[in-house]
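Reader: Hi! Could you walk me through how the helices pack in this one?
Author: Happy to, let's have a look together.

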Amino acid sequence: TLWALATLSHTNTAFTAAVLAVAMPKLDGFKPQELANTLWALVTLGQADKEFTRAVLKAAQPKLSSFKPQELTNIIWSLATL
């Protein structure tokens with residue numbers, strides 16, 4: 001959902017905040033691509049949240065060996081662009 005908004009360059013701060021609130025407790029269940037795409041979308045939209053970013057990185061850490069090169073690249077790009 002956030003990926004689609006970012007792809008369309010459509011910013012909706014209230015919706016993004018609502019998605020983050022719902023997603024935060026579920027991040028451990030996100031697949032590597034979902035983690036990477038979510039972080040990429042937030043940075044692309046200019047709506048990155050430090051607490052959420054930390055939570056994404058915490059959820060990603062035990063899964064790093066499962067990340068494909070593109071997913072790792074998206075995470076690294078997102079962090080560099082913050």
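Author: One term before we start: a crossing is left-handed if the near helix is turned anticlockwise from the far one by less than a right angle. Also keep in mind that this is a predicted model.
Reader: Thanks! So which way does helix 3 pass helix 5, left-handed or right-handed?
Author: Helix 3 makes a left-handed crossing with helix 5.
Reader: And at what angle do the axes of the two cross?
Author: Roughly 30°, with the axes of helix 3 (residues 32-45) and helix 5 (residues 69-81) coming within 9 Å. Helix 3 is therefore roughly parallel to helix 5, since angles under 35 degrees count that way.
Reader: Nice. Which residues meet there?
Author: From helix 3 they include Leu35, Leu39 and Trp40, and from helix 5 they include Ile75, Trp77 and Leu79. By type, the residues of this contact divide into nine nonpolar, six polar and one charged.
Reader: Switching topic: how many residues has the largest nonpolar core?
Author: That core has 20 residues, and Leu35 and Ile75 are among those with the most contacts inside it. Helix 3 gives the largest share, six residues.
Reader: What does Ile75 touch, leaving out residues up to four places away in sequence?
Author: Leaving those out, Ile75 touches Leu35, Ala36, Leu39, Val56, Leu57 and Phe67.
Reader: Last one: is Thr53 buried or exposed?
Author: Thr53, which lies in helix 4, counts as buried because its relative accessibility is 6%, and the cut-off is under 20%. Not counting residues up to four places away in sequence, Thr53 touches Leu39, Leu79 and Leu82.

Methods. Residues numbered from 1 in each chain as written. Predicted model: local features only at pLDDT ≥ 70, side-chain atom pairs only at ≥ 80, totals over all residues. Heavy atoms only, no water. Axes fitted to C-alpha atoms, helices over the stretch in contact; angles between N-to-C directions. Helix = DSSP H or I, 4+ residues; strand = E, 2+ residues; numbered from the N terminus. Parallel < 35°, antiparallel > 145°, perpendicular 65-115°, else oblique. Contact = heavy atoms within 4.5 Å. Nonpolar A, V, L, I, M, F, W, Y, C, P; charged D, E, K, R; others polar. Core = buried A, V, L, I, M, F, W, Y, C linked by side-chain atoms within 4.5 Å. Buried < 20%, exposed > 50% of the residue type's maximum accessible area, 1.4 Å probe, protein only.
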